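Please look through the model below with its charged side chains in mind.

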Amino acid sequence: ILDMEKAPPKLLALIKKGFDLLDTNNDKLLTKEEIQDYCAKINCSITDEKYKEYMGDVKPMTFEDIVKEHKPFMQAVLMIQVADTDKDGKISFEEFKEFILSGLEGVPEDSIKTLFGNFDTDKDGKIDLLECIAVCSLQQ
């Protein structure tokens, strides 16, 4: 969904904040275990096999690695981490709108609604991690 190397600085700063929150041991690396722990907290367990399918390899990643490599799974995890302000593991329309507008100025609300609808494939009014992964994967 996002070419992170071309992302506006404000949006990149938000995504970096999400990375820092996931990096629970503050070593500037995201490990498989840190990501799996976060996914479990939002009721979306990711097995070792699924993790390998999504990420390719299991080496820890720096923020710079994530910016340079197109990893839809990581984009989705970071988006949920940053945008999910009530920490229920899903992104409501209001959270999505706030996330988009905090990183990109002047986006019309109808465009935000359309984009939200593209993510919310089950039409329950919330974007979960699997929906987010699916949309981010379309960019590959």
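This is a predicted model: local features need pLDDT of at least 70, side-chain atom pairs count only at pLDDT 80 or more; totals for chains, interfaces and linings use all residues.

Residues are numbered from 1 along each chain as its sequence is written, and side-chain values use heavy atoms, with hydrogens and water left out.

Q81 sits in helix 5 (residues 72-83), where helices are DSSP runs of H or I with at least four residues and strands are E runs of at least two, numbered from the N terminus. Its relative accessibility of 8% makes Q81 buried (under 20% relative accessible area, with exposed over 50% and partly exposed in between, for a 1.4 Å probe and protein chains only). Beyond its neighbours within four places in sequence, Q81 is in contact with G18, L21, L22, Y38 and K87, contact being heavy atoms within 4.5 Å.

Side chains of opposite charge can pair when their charged atoms come close. With a salt bridge taken as a side-chain nitrogen of Lys or Arg within 4 Å of a carboxyl oxygen of Asp or Glu, the count is 7 salt bridges. One of them joins D20 to K16, with the closest N and O atoms 2.6 Å apart; both residues lie in helix 1 (residues 9-22), 4 residues apart, or about one turn of the helix. K50 pairs with E53 at 3.3 Å between the closest N and O atoms, and because these two are 3 residues apart in helix 3 (residues 48-55), about one helical turn separates them.
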